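I have the sequence and the model open side by side today. Here is what I looked up, entry by entry.

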Amino acid sequence: MDSQNIKVYLAISGALIVLLILIIVIPFTKQKPVTNLQQPINNLIPTTVETNQSPGTNNPSPITIKAGFTGGIDEPVPQQIIDLAAQKKDLQSKVPLNLSTFTIDFDYGEDKFIVSLKDPRDTAQKEFESWRGANYPALGSEQFTFR
């Protein structure tokens, strides 16, 4: 191969490498420092609105206006739902629960308790139903899946 051609190829390759390095390095060198333009938030009560001062007043403190309606619904929760949630939480804290004729675990994907019955299944089913009625009466049969 001709040495003149090798020099041309090396010169072009070197120029391309320098150009590639410049393309990669230049955008990072021109970044400006990011300044935080947000002002610090004062601890405001969520049900108040801060207003600007009127020009010509000597009072330096802002005027706050009490909000009349926040959008929340003041509706009492039925006792049945409270009992259901409390019993469900209590049983969830005890799983996996191994008893003589059945075991209970919780499936978070289905949001149901999984009951594994031991043999004989009909006796285990009856014992589970009596245990559930005695300990967790608010939890209905729809909360349990049998395997």
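**Ground rules.** I am working with a predicted model, where local features need pLDDT of at least 70, side-chain atom pairs count only at pLDDT 80 or more, and totals for chains, interfaces and linings use all residues. I number residues from 1 along each chain as its sequence is written, and side-chain values use heavy atoms, with hydrogens and water left out.

**The sheet.** I take helices (H or I, at least four residues) and strands (E, at least two) as DSSP runs numbered from the N terminus. I count two strands as paired if DSSP finds at least two bridges between them. In what order do the strands of the open sheet run? I found 4 strands in the order 3-4-5-6, with mixed pairing. Strand 3 (97–98) and strand 6 (144–146) are at the edges with a single partner strand each, so one side of each has no neighbour in the sheet. Helix 2 (residues 79–94) packs on the sheet and touches strand 3, strand 4 (102–107), strand 5 and strand 6; contact here means heavy atoms within 4.5 Å. The direction of helix 2 makes about 50° with that of strand 5. For such angles, axes are lines fitted to C-alpha atoms, for helices over the stretch in contact, and the angles run from 0 to 180 degrees between N-to-C directions. I also looked at helix 3 (residues 121–135), which lies across strand 3, strand 4, strand 5 and strand 6 and runs at about 65° to strand 4.

**Strand 5 up close.** Strand 5 pairs with strand 6 in the parallel sense over 3 bridges. I checked Phe 113 and found Phe 144 as its bridge partner in strand 6. Ser 116 also lies in strand 5 (residues 112–117). Leaving out residues up to four places away in sequence, Ser 116 touches Thr 101, Phe 102, Thr 103 and Arg 147. Ser 116 counts as partly exposed because its relative accessibility is 30%; buried means under 20%, exposed over 50%, and partly exposed in between (1.4 Å probe, protein chains only).

Which peptide bond is cis with omega of about -5°? I found that one between Val 95 and Pro 96, with Pro 96 in the loop between helix 2 and strand 3. The bond from Asp 119 to Pro 120 is cis too, with omega near -10°. Pro 120 sits in the loop between strand 5 and helix 3. Asp 111, in the loop between strand 4 and strand 5, has a positive phi of about 60° although it is not a glycine.
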